[in-house]
Amino acid sequence: MAETNRTEVHVYEQVVILSSCVLSFFGSLLIICTFARWPDLRTTPRKLLVYLSVTDLLSALSYFYGVLKSFKSDSGDCIAQGAISTFANTSSFFWTVSIAIYLYVFIVKSSQRQANNLVLYFHLISWGVPFAITVAALSLHKIGYDASEVSVGWCWVNIQAEDRVLWMLLTAKIWEFIAYVTLPVLYLLIKIHIHRAHTALSEYRPILTSSPVSQSPSSMADMKLTIIPIIFIVLRMWSTIRFLLLLTDSPAGHNPVLVTLHGIGNTFQGAANCIMFVLLTPSIRSRLVAQLCCRGQDKHWRSPSVSQNRASANTPSHREENTSPQTWENNEA
């Protein structure tokens, strides 16, 4: 059955998807390295992004191996690769939603303390649930060769398992569907809150400052809030389409264009996050340029003002920290 229905993965598709894996690997690595290189960037949202990048990096590695091997049957490395990608991919869903929940509580509820208290639960859920699901799937021999029916060369749920649809849902799809709904709702609520805050403050800005207020940080943050759920859906929708086509036994699931888009969508998340949160973040981008082109300019980022900000950030305080939308936008944009 598996061989009869096997989706052919062409060499050009492998090249494209392997390139996507490489970009995602280095994109995730760059996010982690910038976080480690500059201590003043170590905000809680950035920490959560680093945890997400770890899962994306692991996904990129496992998918790279799977696409490169283009498995033809069950084997030890097929099962190992399928287990790693299952854990990393599912954990990525949880961390993506966790970041949205954190920002919602931090911005809309205006409580950094409450948001920070959730981080422990994010760890327990985002690492624990995927691990438990993966161990259960391995123990019941549900992970293995899937004939590229809902993959692109890599291994996932064994296509010959009678309850394969149930395990496809448990190991990825049900969490993917939840993320499709949760992410747009949370980011929409955050955008609405920020726009209302800006409207309420706009009439006081001429009084508070004599110079025009630059809208670039605000615009960048607003753009990111719009793009984050869109990028997630655009990248993940192709695997969802192939999953639905599998349920209906449609031959359209073997279409080379759809297969290629599926491969890119599953492997490009780390690169997409790097583009949004490193390359499109002016403060980090300028630091990278200075680091690469003019290493001497790195001293600029160790200026007294940065040291003072870091010292003030480390000063104990029992007061609720400022959680205004503009503060978050300036830090993250």
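## Helices side by side, and what sits between them

Let's start with a pair of helices that run alongside each other: helix 2 and helix 5 are roughly parallel, because the angle between them is about 10°, and angles under 35 degrees count as roughly parallel. Their axes lie 12 Å apart, and helix 5 covers residues 119–139. Please keep in mind throughout that this is a predicted model.

Which residues make this contact between helix 2 and helix 5? From helix 2 come Thr 44, Leu 48, Tyr 51, Val 54 and Thr 55, and from helix 5 come Val 119, Phe 122, His 123 and Trp 127. Sorted by class, the contact holds six nonpolar and three polar residues, with no charged ones. Two of these names return in another setting: Tyr 51 and Trp 127 form one aromatic cluster together with Phe 87 and Trp 95.

Now step back to the whole chain for a moment. The protein chain has 333 residues, and 47% of them are buried. Its secondary structure consists of 13 helices and two strands. Among contacts with a separation of 6 or more, 76% join residues 24 or more positions apart.

Two packed helices are described by the angle between their axes and the distance between the axes. With that in mind, look at helix 1 (residues 11–37) and helix 2 (residues 44–69), which pack at about 155° with axes 8 Å apart. Helix 1 is therefore roughly antiparallel to helix 2, since angles over 145 degrees fall in that class. The crossing of helix 1 over helix 2 is left-handed. The residues in this contact comprise 19 nonpolar, four polar and three charged.

Where does Ser 53 sit? Ser 53 belongs to helix 2. Ser 53 counts as buried because its relative accessible area is 0%, and buried means under 20%. Apart from neighbours within four places in sequence, Ser 53 touches Ser 28, Ile 31 and Ile 32. Val 11, by contrast, is a residue of helix 1 that counts as exposed, at 60% relative accessibility; the cut-off for exposed is over 50%. Val 11 and Leu 68 are 57 residues apart in sequence, and their C-alpha atoms are 9.8 Å apart in space.

Helix 2 has another partner in helix 3 (residues 76–108): the two axes come within 8 Å and cross at roughly 155°. That angle makes helix 2 roughly antiparallel to helix 3. Here too the crossing is left-handed. By class, the contact of helix 2 with helix 3 has 15 nonpolar, 11 polar and three charged residues.

Next, the aromatic rings. The structure holds 11 aromatic pairs. One of them joins Tyr 63 and Trp 154, a tilted pair with 4.3 Å between the ring centres and 45° between the planes. Its partners are 91 residues apart in the chain: Tyr 63 is in helix 2, while Trp 154 is in the loop between strand 1 (143–144) and strand 2 (156–157). Are these two residues buried or exposed? Tyr 63 is buried because its relative accessible area is 3%, and Trp 154 is buried because its value is 4%.

Another pair is made by Tyr 180 and Phe 232, this time edge-to-face, with 6.0 Å from centre to centre and 65° between the planes. Tyr 180 lies in helix 6 (residues 164–202) and Phe 232 in helix 8 (residues 216–247), 52 residues apart. Tyr 180 and Phe 232 are both buried.

We end in the loop between strand 1 and strand 2, where Val 152 is found. Val 152 counts as buried because its relative accessibility is 0%. Which residues does Val 152 contact, leaving aside its neighbours within four places in sequence? They are Val 9, Ile 17, Val 67, Arg 242, Val 259, His 262 and Gly 263. Take Val 259 from that list: Val 152 and Val 259 are 107 residues apart along the chain, yet their C-alpha atoms are separated by 6.7 Å.

Terms used:
Residues numbered from 1 in each chain as written. Predicted model: local features only at pLDDT ≥ 70, side-chain atom pairs only at ≥ 80, totals over all residues. Heavy atoms only, no water. Axes fitted to C-alpha atoms, helices over the stretch in contact; angles between N-to-C directions. Helix = DSSP H or I, 4+ residues; strand = E, 2+ residues; numbered from the N terminus. Parallel < 35°, antiparallel > 145°, perpendicular 65-115°, else oblique. Left-handed = near helix turned anticlockwise from the far one by under 90°. Nonpolar A, V, L, I, M, F, W, Y, C, P; charged D, E, K, R; others polar. Contact = heavy atoms within 4.5 Å. Phe/Tyr/Trp six-rings, centres within 6.5 Å; stacked < 30°, edge-to-face > 60°. Buried < 20%, exposed > 50% of the residue type's maximum accessible area, 1.4 Å probe, protein only.
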